[in-house]
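Hi,

Here is the structure I promised to pass on.

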Amino acid sequence: DCQLRPLRFQLENGSSQTVMLATGKKVESTDSWQNSALRSKELLDHSKHCMTMLFSRNGVEILRNAAAQEYYKDLTNGGSSYNGGRELELRDVFDTCIWRNQEERDATYDRMLCICVPGQDDAEYTIEVEKTHSHSKGEENDERWHMLRFSSAKDPVNGNPAIMVVETNISDQKKQMRLQEHFFATLCHELRTPLTGIIGLSESILSDSTCPPAMRKIVNVIKNGGRRLA
């Protein structure tokens, strides 16, 4: 990127002279932009545990990475519009989720559109939903939970408003959380019966007027500790 500017200066003999001052700065070439685009696509295609999709505002697929193509291939006749399949639509992402009813599905879709409005690049809407088994890998009885993150974006080719969808499988995290909840629920249940007996016996001892002050102090500590655990 070069710029030319006229520069006038005074000579020792009193006359003036005008010259052209050239300044320049390095800019990225078209090849550099193409290389960046290729590298970005390579990163997305090899993100096996993260599905990334770009849709137009009316819900038509613009692009999706390899992980999303593999996951939704049954809905698109084995691929995308580039290789003979049909284009994925944003409604397909919602239709493969398990909802309580159609009203919940429609309300979630509308809320996503209201939040991810054009021009608000920081707008983001995240939900955790269970997916239908017909489009999930694994045992039929396994629950499949996915996190869907929607954000406002732009089509990098034409600059039109778009919606970016990042979908990740969080089934293992959900399973771990349920195991932790079950462990603590079982622990609380197993402790409740003996703690009730400890607290009851402590109160019985404290109600005895013949209980020595030193023992009463110890029993009070036992009773208060039991109540905290209960």
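Predicted model: local features only at pLDDT ≥ 70, side-chain atom pairs only at ≥ 80, totals over all residues.

Let's begin with the inside. The largest nonpolar core has 23 residues, and the ones with the most contacts inside it are M53, L90, M112 and F150. Several elements give two or more residues to this core: strands β3 (50-56), β5 (124-130), β6 and β7 (161-169), along with helices α2 (66-71), α3 (90-95) and α4 (102-115). In general, nonpolar side chains tend to be buried together in soluble globular proteins.

Now the charges. A search of the whole structure finds twelve salt bridges. The pair I'd look at is K131 with E167, where the closest N and O atoms are 3.2 Å apart. This pair links distant parts of the chain, since K131 is in the loop between β5 and β6 while E167 is in strand β7, 36 residues apart. K131 counts as buried because its relative accessibility is 0%, and E167 is buried too, at 0%.

Compare that with E70 and K73, which form a salt bridge at 3.1 Å between the closest N and O atoms. Here E70 is partly exposed at 36% relative accessibility, and K73 is partly exposed at 33%. R91 and E89 also pair up, with their closest N and O atoms 2.6 Å apart. R91 is partly exposed at 39%, as is E89 at 28%. Both belong to a network of salt bridges that links E89, R91, D92, D95, R105 and D106.

Finally, two single residues. S152 lies in strand β6 (residues 145-154) and counts as buried, because its relative accessibility of 6% falls under the 20% cut-off. What does its side chain reach? The side chain of S152 reaches the backbone oxygen of V117, at 2.9 Å. Setting aside neighbours within four places in sequence, the contacts of S152 include C116, P118, G119 and A162.

L63 sits in strand β4 (residues 61-64) and is partly exposed, at 42%. Beyond its neighbours within four places in sequence, L63 is in contact with T52, M53 and L54; M53 was named above among the core residues with the most contacts.

Cheers

Terms used. Residues numbered from 1 in each chain as written. Heavy atoms only, no water. Helix = DSSP H or I, 4+ residues; strand = E, 2+ residues; numbered from the N terminus. Buried < 20%, exposed > 50% of the residue type's maximum accessible area, 1.4 Å probe, protein only. Polar contact = N/O pair within 3.5 Å; in protein donor to acceptor, adjacent residues only side chain to side chain. Contact = heavy atoms within 4.5 Å. Core = buried A, V, L, I, M, F, W, Y, C linked by side-chain atoms within 4.5 Å. Salt bridge = Lys/Arg side-chain N within 4 Å of Asp/Glu carboxyl O.
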